[in-house]
Amino acid sequence: MKAFKLVLWLALLTGAIWFAVVLAWQVNDVQPSGSALVLYLVGLPLLAIGAVLAVGYGLRRRKQRAQDAQADAATPAARAAADEGEHASRAYALHLHAAAVNLIVGASADAAAAALVEPERPGLHPSLKDENGLPVMAAQVDELDTEAVAEALQALAGGEAVEHVFAQEHLRAIALLEPVLEELLGLEAAIVAGAAPADAAPALVAGRRGEAAAPPKSRLRTLILVADAWPQAARQRLGDWALAKAAALDLPEERIAIEVVPVEQAIDAWALIDRIGQRYRDEVTPDRHLLLACASQLSEGAVEALQAARRLIGHDRPEGLVPGEGAVGLWLSGPPEPGQPASPDALELRTLQRGHVAAGTSSRNATRQTSELMARAIAAAGQDADSVKAVVSDADQRPSRAIEIASAIAATCPELDPIGHNLSLGVACGHLGPVAPWAAIAVAAAQARSEGGPVLAIGLADGEARAALAVMPVPPPSPPAEPDRDRAG
């Protein structure tokens, strides 16, 4: 509609010029030559149109510069301070006691963090092809035993063939999840049995108490995130398989609740963190949470789906996605009750900050909005920008995301190197779907423990949604207030 109006106005301008020129010739009884016809009926309208467009462009640029200057006047830190009151009513803290990942960059969060300092970009897959028959770039985790997973799933289903329920990418995702699930369920089983691991502190219990054994009525609320494309039957079988894993570790069925949650976008995983934090803030409960996610796009069907949706990377689509796969797990709780010690190995997740960058937003404005979000996350953690040790994000190889996160780091945390302190999961791991948010938190936790300071976990790869939170060592307890000696005297 806007283009139509512009064309209409230019046509009216041209008609007005022609009318004025012809009228002047008639009034003055002028017989125009061929050159005069070209000059006045073609050249003059073109000159007028050019002048109108130039003036309009200049006015728009002036207005945009004024808006940018006004926006720049409020720095991210100032905006974070202004938002502090708005978010104070929903402030919370979560304690992260353990995290596990299974990614192409490593089978532990520490290994992944080390590998992401100088990430190796995915290569071409040996067998997957696009619709033109060309090899597809993909981030594949090697040496997955999908046959053993298929046998276990088949045994749980009474011998029914898994091919009727699970696609190849589903089996790969479950194979990736298996070591993550076993590691974290093993920690929970030891806590329930009252025998904390040898290297754990007495206060390791991930609940609202500080004893070595889990409270008798506590439960491990387990959520397993998968892509919403998983069929209901596959989700049900996955839940049964996870329960069987818990039973094999002697974890009583009444002490664990498992729910398989299909999610459409990665922001849904961030939102779950927020909901859990709100629950612990509003309710004193000994329950712990085990957050798991698994995904794989390494199959012909998954690649075809990306291609059909025009989301697969290609020479004509640099903003496309690189198929990836992985699994992650977070074992967390609310903070201990006042007066109870926290585990010295626990890390704290502070209130999640969420944002939105509309489609078509300029790179400059996207950077500004993301840097503001990061500043809010730093403020929610009670820290300053100079204390941040690193930034972990789900940014990938797409130029828009790489520019956005690097520029936001430079704007928000000028003490950090936008390259060396910028750990971008997607650059090496490709598109991880629902795994990306919690994997970013897991890697940020490893970095925070290693550096002894706050690390930001940022979500920006999922469409227009943005998310940020700080992961940091649990602050030491405040010393008891000294009595007022003057008043006592």
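β13 (465-473) gives the most residues to the lining of the second largest cavity, with 3. The model is predicted: local features need pLDDT of at least 70, side-chain atom pairs count only at pLDDT 80 or more, and totals for chains, interfaces and linings use all residues. Residues are numbered from 1 along each chain as its sequence is written, and side-chain values use heavy atoms, with hydrogens and water left out.

**Cavities**
- A search of the whole structure finds 2 cavities of 30 Å³ or more (a cavity is a set of points, on a 1 Å grid over the protein atoms alone, where a 1.4 Å probe fits but cannot get out; lining residues have an atom within 4 Å of a point).
- The second largest cavity has a volume of about 40 Å³, volume being the space filled by probe spheres set on the points.
- Its lining consists of A266, I267, W270, D394, G459, L460, D462, A465, R466 and A467.
- Two or more of these residues come from each of α8 (267-282) and β13; helices (H or I, at least four residues) and strands (E, at least two) are DSSP runs.
- By class, this lining has 6 nonpolar, 1 polar and 3 charged residues (Ala, Val, Leu, Ile, Met, Phe, Trp, Tyr, Cys and Pro are nonpolar, Asp, Glu, Lys and Arg charged, the others polar).

**E464**
- E464 sits in the loop between β12 (455-459) and β13.
- Its relative accessibility is 33%, so E464 counts as partly exposed (buried is under 20%, exposed over 50%, with a 1.4 Å probe and protein chains only).
- Beyond neighbours within four places in sequence, E464 is in contact (heavy atoms within 4.5 Å) with G355, H356, V357, A358 and A359.
- The E464 side chain reaches the backbone nitrogen of A359 at 3.3 Å.
- A366 is 98 residues from E464 along the chain, with 9.8 Å between their C-alpha atoms.

**Largest pocket**
- The largest pocket holds about 1000 Å³ of space (a pocket is an open set with protein on both sides within 12 Å along at least five of seven lines).
- Its lining has 41 residues, and Q297, L306, R311, L321 and H431 are the closest to the centre.
- α9 gives the most to this lining, with 4 residues.

**Nonpolar cores**
- The largest nonpolar core has 53 residues, with L103, L330, W438, I441, L469 and V471 having the most contacts inside it (a core joins buried Ala, Val, Leu, Ile, Met, Phe, Trp, Tyr and Cys residues through side-chain atoms within 4.5 Å).
- Helix α13 (residues 435-451) supplies the largest share of this core, 11 residues.
- A second, separate core of 40 residues includes V162, L238, A242 and A246.

Conventions. A polar contact is a pair of N or O atoms within 3.5 Å; within protein, one must be able to donate a hydrogen and the other to accept it, and residues adjacent in sequence count only if both atoms are side-chain atoms.
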